[in-house]
Amino acid sequence: MHPAIQAVLTVGVAVIAAIAYFYLSNLLLDRVLFPARGKNAGRNINRANMIRPWLFLFPALFALCLYLAYPVVETIRLSFTDRVPGGYEWAGTSNYQQMLREPKFWEALRNNFFWLLVVPGLSTLFGLIIAQLTDRLSWGNIAKSIIFMPMAISFVGASVIFKLIYDYRPAGEEQIGILNAVYLALGGAEPQTWLTIPGLNNFLLMVVLIWIQTGFAMVILSAALRGIPEETIEAAIVDGANPFQIFFKIKVPQIMPTIMVVWTTITILVLKIFDIVFAMTNGQWGTQVLANYMYDKLFRANDWGVGSASAMVIMLLVLPILVWNVRQARKEMR
Amino acid sequence: MDNIAGRKPALGWAVNISVILIVLLWIFPTVGLLVSSFRTADQISSSGWWKAFFPTEQTEQFRTADPDGRVQDGDVFVVEGVIFENAEANIASWGTSSRDVSAYAPGETADLGDGETLTLNEDGTYRWTGNDEQISGRGQRFFVTATQPPEFTLRNYDNMLFGGSSDNISKAFFNTLTVTIPATIIPILFAAFAAYALAWMDFPGRALLIAFIVALLVVPLQLALIPLLKLHLSIGIGKGYLGVWLAHTGFGLPLAVYLLRNYMAGLPRDIIENARVDGATDFQIFIKIILPLSFPALASFAIFQFLWTWNDLLVAIVFLVDSSGDTTVMTRHIVELLGTRGGNWEILATAAFVSMAVPLLVFFFMQRYLVRGLLAGSVK
């Protein structure tokens, strides 16, 4: 049986199973466990209504706990153990110590830090500028559509696109990578293998993510700009503010919360960045990042202890944002 | 109003021009790869894609046909043939030595010494003459500089989709599709009911649960790889489609529940309370009222999850792709091609575009829902 047919069958089974589960469990609750009749009808209805939310929540909660909450706990455990034949052995902090001794780990941490510094900031900045520029343009929607388009392209596809841009041919041959062609046209002495130049190559990888994420920032910030009350802008115009003052002193302060949301969303993405580095340099030439370091440890070195320890480092870096998000959400609930 | 807003015409022009430049900058990389996927390997390696729309002058090396096919013409032997199948090519110059590739104009005859000659005509036909000894061994080498008109081909797509080589991407395409469909639909089934409970049912611990889901939204899925792979291996799912469907379901759920809950919580209270008064059960309210009204949010999430699972690499290589290679997905296939076919841009470009085609179509036709989903998912 072709897997595609299997997939369609699975969808069918899943849909039927889900509807059957919700329908039958509700039926069970109302008719068998707590029927709304007889002398306890009122009490039964109340009891059924206390249980019902959990019927609705159960499948999702179960999956969430099993696929996200449990792994967090398990990863913590694994990071303190070593795999030995037939089981696991308590290893204390030796995995962490080993990781801290490896120069590749520090390289990854340093690079992640640079990514963090550059990508969310520049994506948000470009997104904001483009959102403002296209705001009143008659063909603004088409422009936004094109800049938003990279969001649909996979990191791997984007890596191929940018590898062609950074392509290198030996001196004397026709350059087919636009970066080298421009570099030579501007008077560069000889073509460069861009992705092997330490320091610069990191930045060239970041360009890929900025290219993708600017569209995201633009869409969100564009909506936020539209949401600014007209009166505030009109008042500023009456007071004689020029367009730049209006932008920086009236508009930007009003959408600051949204800018923060965009910035944190991209930050989380950057902390987990994997595909681009994996596809373009695989962490060579000083471009290692944490997620790729972890993948190396888990699946190439087969060292689950150190791999889990590095996963915990990613988790720790995400933690402040997680706490902030939860607090924001709770504030809105009130 | 525009005048009051202080919009000077000069500023308007500046805005228009800078937006045009930004748009060009943003689309330029993609166009480069797209154009390359329609060029032959020779074209790609002999000139940058940005020159593809203009006639290009290329210097290529040719050899005459083997002397086995020579014919005797009086006391000399002659080999004749034609170098271009493409009649529109325009020969600018040619030569017989790599040190001087443009020694002769078309129509001229090169003297190769001792009566051996080679003539190349403007129409690409050549004539190589000499005695028995000279016209032997391999064909005579010569260099031609010619202007060729722009030319595009669909052959790359034909090769990658229907060709027999191991680069063929059609299997990976269907594998990706196989991963994507259940991985998009199953989380919606789970999430919709949960979102309804979180939005419209009152029970102790509801706020805590919502906070829990917001927290899970940002948990890096890297943490889940090893524990879940271990789990899958121990309960017998192993590496395979079921595993990857379940993994994507788990990882997609927080966003699904969060998006749908926010949307459902915004639905008008009157409708739901009227239905309750009329005696509808929660199950009926959910199926008949909430679900149809939530269609935009469902569509938003479905598009997100579709793009995410279609473009995913990490989850697929951890939970699905095994050493047999039968279950490879497109992202994995392309990464492999990047390793083995690093310089063959006709293969890479075509493979990348096959993988991008579906998400781009979805993107352009359903952008409205995508934008709405983004706004609901992050501005809140």
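Trainee: Before we look around, how many bridges must DSSP find between two strands for them to pair?
Mentor: Keep in mind that this is a predicted model. Two strands count as a pair once DSSP finds bridges between them, and the number needed is at least two.

Trainee: Then over how many bridges do β5(B) and strand β6 of chain B pair?
Mentor: Strand β6 of chain B covers residues 117-120, and β5(B) pairs with it in the antiparallel sense. One bridge partner to look up is Leu118(B), which goes with Ala110(B). Since DSSP has to find at least two bridges, this couple qualifies, and the count for β5(B) and β6(B) is 3 bridges.

Trainee: Which strands of chain B stand at the edges of that sheet?
Mentor: The sheet is open and has 5 strands, paired antiparallel in the order β2-β3-β7-β6-β5. An edge strand has a single partner, so one side of it is left without a neighbour in the sheet. From one strand to the next, the twist averages 25°. The edge strands are β2 (71-73) and β5 (109-111) of chain B.

Trainee: Which helix gives the most to the side of chain B that touches chain A?
Mentor: Across the interface, 92 residues of chain B are in contact with 95 residues of chain A. Chain B's side divides into 70 nonpolar, 20 polar and 2 charged residues. The top contributor, with 15 residues, spans residues 170-200 of chain B and is helix α4.

Trainee: Which element gives the most to the largest nonpolar core?
Mentor: That core has 174 residues, and Ala191(B), Ala194(B), Tyr196(B), Val257(B) and Leu260(B) touch the most other members. Take Val257(B): its contacts, leaving out residues up to four places away in sequence, include Ala60(A), Ala191(B) and Leu198(B). A second, separate core of 12 residues includes Ile83(B) and Phe142(B). As for the largest one, 19 of its residues come from α4(B).

Trainee: Over in chain A, which residue in the hairpin of β1(A) and β2(A) takes a positive phi?
Mentor: Strand β1 (residues 81-84) and strand β2 (residues 87-90) of chain A pair in the antiparallel sense over 4 bridges. Arg83(A) stands opposite Tyr88(A), and Val84(A) stands opposite Gly87(A). The hairpin has 2 residues between the strands, and the residue with phi near 85° is Gly86(A).

Trainee: Why does Trp285(A) count as partly exposed?
Mentor: Trp285(A) lies in the loop between α12 (275-280) and α13 (290-300) of chain A, and its phi is positive, near 55°. Most residues other than glycine have a negative phi. Trp285(A) falls in between because its count within 10 Å is 16 other C-beta atoms.

Trainee: How many charged residues are on the side of domain 1 of chain A that touches domain 2?
Mentor: Domain 1 of chain A is 3-79 and domain 2 is 108-333, with 39 Å between their centres. Contact involves 5 residues of domain 1 and 7 residues of domain 2. By class, domain 1's side has 3 nonpolar and 2 polar residues, and the charged count is no residues.

Key: Residues are numbered from 1 along each chain as its sequence is written. Chains are lettered from A and ligands numbered from 1 in the order in which they are written. This is a predicted model: local features need pLDDT of at least 70, side-chain atom pairs count only at pLDDT 80 or more; totals for chains, interfaces and linings use all residues. Axes are lines fitted to C-alpha atoms, for helices over the stretch in contact, and angles run from 0 to 180 degrees between N-to-C directions. Two residues are in contact if their C-beta atoms, placed from the backbone, lie within 7 Å. Ala, Val, Leu, Ile, Met, Phe, Trp, Tyr, Cys and Pro count as nonpolar, Asp, Glu, Lys and Arg as charged, and the others, Gly among them, as polar. A nonpolar core is a set of buried Ala, Val, Leu, Ile, Met, Phe, Trp, Tyr and Cys residues joined through C-beta atoms within 7 Å. A residue is buried if 20 or more other C-beta atoms lie within 10 Å of its own, exposed if 12 or fewer, and partly exposed in between; C-beta atoms are placed from the backbone. Domain bounds come from an automatic or database domain assignment.
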